[in-house]
Amino acid sequence: MSQYERVFPHDQFDGEYTPEAASRIPLVPPRRASYASSTFAEERNPPPKAYIPFYLRTWIVLFVAAAMILLAVGVEIALFRSQRNQGWRIRGIQLLGGINFLKSVVPVVLTVPISIFWNSVDRDLGRFQPYVALSKGKVPADRSLLLDYTQGRTNTLLRSIEYGHWTVLLSSFVCLANLALSPLSAGLLTTHNALIVSPFVTVQATKTLGLDPDYVTLEYFNAAAGYSMASAINNLTDPPFLFKGSWAIAEFKVPSPIGYGVNETIIVPTTAIESTAGCEPADTISLNSAVAIGSNMTITGTWDGCTITFSANHTGNDGYGVLPLTDCNTHTEAAPFRPVLFWMYSAELDKADLTFCQPKIDLWNVVAEASLVTGDITNVTLIDQNLPANNISGSPLNGVPFNGIEFDVAGENIYVKSRALSIQTGVAGAVYRGADQYGGASVVMQSDHGYLNITENVYTRFLALVAKSTYFNDVGTTIQATMTGYDVRLAVYPLAAHAFAGALTFIAVLATINHFFHCRERSQARLACAPTTIAGIVSTASYSKFAAALQGGMNANEIKGALAGRTFGISRRTWQIEATGDEDYHLPEQTSPLELRHGSRGSVVSYDSGKTASGPYSPGMRLDGKR
């Protein structure tokens, strides 16, 4: 076995050490018969088993590309299911930390692994590119030995375009395209109020059309007058089963909320009565108030061919009241159904205002919507007026409503008579107090017919309250209804889903095509190990003559100058980097040392069986381990 010894350049050359002297150091000699057992490079080594970085292996690239395409398909399927099912309920999702947390996690889970993978591919592809270039032979140093694709994305783009390294350029485009995945995935999930419809729900109807026989007690009328007064003073809203102050809905039992979401509603086919006050201003008004306090003043009004004259006590304050039209040749209805007259008097303005009203009702088949939370009617949809026979549209009312002011109480007890008087006072008082929200009677009556709209609204609500209690009978039947609700649901946003799926597919296809281009390019770049360690890099140039021109302490410009004017490639003899024009050196025939420059400045390994290792590495230690 030959012995190994470390020697210095001045052991081989006379004079001071210089780079020129180092360039004459014997390198790899041609193989001779006497060195058949040498462990160093032969004249033609078999090609090493090619090292392929993990991220550049075909199976892993195809696996990730296929996974991205499957993810794109999955996003489109999720969009389809989201649109078909109006999204997904999120109550269980709240247990995971809330919907906002989920919407922020999804982009990270979907895009970060993809971005990490393709950036790793781009990194390894950039590291491999100098060896790919060298494998083609006769490549200048700036396109091979000095090539560095780790100096930022802009440098990579410019260099790859300048040098025609298209696989590096396409890899950069893949990485840049990955930047679009994060904002696109951030818009994938959204929340919206989905309309949930549950048909064939059974509800209990408690009222049906029919004149309540207890109306003669006037309790319903008295209650309606009281509510009208309270509403005018306290600005109350409509009670249950009264809609927009004019619609009385046949009552039914509103179910309790069942957790559909927000705005849970029951939709019920039922019947309804629309009340209309039919108020109009007097054609003419005459007032004689020049009387003493406590005396009666005279008010005269004309309307629709009727002339009404009545007296009112002059108290020195405002006054109000309501009267039936008892003496009118053009209106000959029976006592409870005649038109009525509302009168208002302002003492401050010494002015009277007269409003005539002729109420009417319309009966409808409707679809009523009621809130499951409040029980209030939220909407009424008219269907038709084809109702079954009843005693409201038929005898005895024949579709004409009670005016709610005038009653035939002859022969009734004192309580009924007292209620009749209370009703007139209450309804007229409600009209008078209706002006409070506008500044009072003196403000409203400054304009002609100032009380017209107030009278219309107050009297219409009073008539609707009467209809709700008087024109419906108790019943116990079931109705098929529909329940709806707006459930807050998690959904896939269509635009973001299509864009995200398209971007995934584009990146996967582009990266796969680029990978196969790179496979063809690197087929001749036979590296035995990763060129990322110092040892791995040295192994690719340990026999190369040009390496002697590179000394420690050189800066980038000096290195570039030392390599200028030469081209480089990978030798098919040694599978190492060689400069074009390098020659093999042979030792004299009488000696047989095989000398190799070995790393630090001027150190050379020499093959000589009789010498001891010297120099800066382990003095006195032989390279075969013996002293």
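At 34% relative accessibility, Thr 208 counts as partly exposed, and that residue makes a handy way into this predicted model. The chain runs to 627 residues, of which buried ones make up 45%, and its secondary structure comes to 14 helices and 21 strands. Looking at chain contacts with a separation of 6 or more, 72% are between residues 24 or more positions apart.

**Thr 208 and its surroundings**

- You'll find Thr 208 in strand β4, which covers residues 189–209.
- Skip the neighbours within four places in sequence, and Thr 208 is in contact with Tyr 471, Phe 472, Asn 473 and Val 475.
- Ala 272 sits 64 residues from Thr 208 in sequence, yet the two C-alpha atoms are 9.4 Å apart in space.

**α4 against α6**

- Helix α4 (residues 99–134) packs on helix α6 (residues 166–178) at an angle of about 160°, and their axes are 9 Å apart.
- The cut-off for roughly antiparallel is over 145 degrees, so α4 and α6 count as roughly antiparallel to each other.
- As α4 passes α6, the crossing is left-handed.
- On the α4 side, the contact uses Ile 114, Ser 115, Trp 118, Asn 119, Asp 122, Leu 125 and Gln 129. The α6 side brings Thr 167, Val 168, Ser 171, Ser 172, Val 174, Cys 175 and Asn 178.
- Sorted by type, the residues of this α4–α6 contact are six nonpolar, seven polar and one charged.

**α8 against α9**

- Helix α8 (residues 219–234) and helix α9 (residues 414–433) have axes 8 Å apart and pack at an angle of about 20°.
- Angles under 35 degrees count as roughly parallel, and α8 and α9 are therefore roughly parallel to each other.
- Here too the handedness is left: α8 passes α9 in a left-handed crossing.
- From α8, the residues in the contact are Glu 219, Phe 221, Asn 222, Ala 225, Ser 228, Met 229, Ala 232 and Ile 233. They meet Arg 419, Ser 422, Ile 423, Gly 426, Val 427, Gly 429, Ala 430 and Arg 433 of α9.
- The tally for the contact of α8 with α9 is eight nonpolar, five polar and three charged.

**α9 against α11**

- α9 also packs with helix α11 (residues 452–470): the axes come within 8 Å and cross at roughly 140°.
- That angle makes α9 oblique to α11.
- The crossing of α9 past α11 is right-handed.
- α9 puts in Ile 423, Val 427, Ala 430 and Val 431, while α11 answers with Ile 454, Thr 455, Val 458, Tyr 459 and Phe 462.
- The residues of the α9–α11 contact split into eight nonpolar, one polar and no charged.
- Ile 423, Val 427 and Ala 430 of α9 turn up in the contact with α8 and again in the contact with α11.

**Aromatic rings**

- Searching the whole structure turns up 15 aromatic pairs.
- One of them is Phe 241 with Phe 252, an edge-to-face pair at 5.1 Å centre to centre, with 85° between the planes.
- Tyr 320 and Tyr 432 make a stacked pair, 5.0 Å centre to centre with 20° between the planes.
- Tyr 320 is in strand β12 (residues 319–324) and Tyr 432 in helix α9, so this pair ties together parts that are 112 residues apart in sequence.
- Tyr 320 is partly exposed, at a relative accessible area of 34%, whereas Tyr 432 is buried at 18%.
- Ring pairs also join Tyr 215, Phe 221, Phe 337, Phe 402, Phe 407 and Tyr 471 into a cluster.

Note on methods: Residues are numbered from 1 along each chain as its sequence is written. This is a predicted model: local features need pLDDT of at least 70, side-chain atom pairs count only at pLDDT 80 or more; totals for chains, interfaces and linings use all residues. Side-chain values use heavy atoms; hydrogens and water are left out. Axes are lines fitted to C-alpha atoms, for helices over the stretch in contact, and angles run from 0 to 180 degrees between N-to-C directions. Helices (H or I, at least four residues) and strands (E, at least two) are DSSP runs, numbered from the N terminus. Angles under 35 degrees count as roughly parallel, over 145 as roughly antiparallel, 65 to 115 as roughly perpendicular and the rest as oblique. A crossing is left-handed if the near helix is turned anticlockwise from the far one by less than a right angle, and right-handed if clockwise. Contact means heavy atoms within 4.5 Å. Ala, Val, Leu, Ile, Met, Phe, Trp, Tyr, Cys and Pro count as nonpolar, Asp, Glu, Lys and Arg as charged, and the others, Gly among them, as polar. Rings of Phe, Tyr and Trp (its six-membered ring) pair if their centres lie within 6.5 Å; planes under 30 degrees apart count as stacked, over 60 as edge-to-face and the rest as tilted. Buried means under 20% relative accessible area, exposed over 50%, partly exposed in between (1.4 Å probe, protein chains only).
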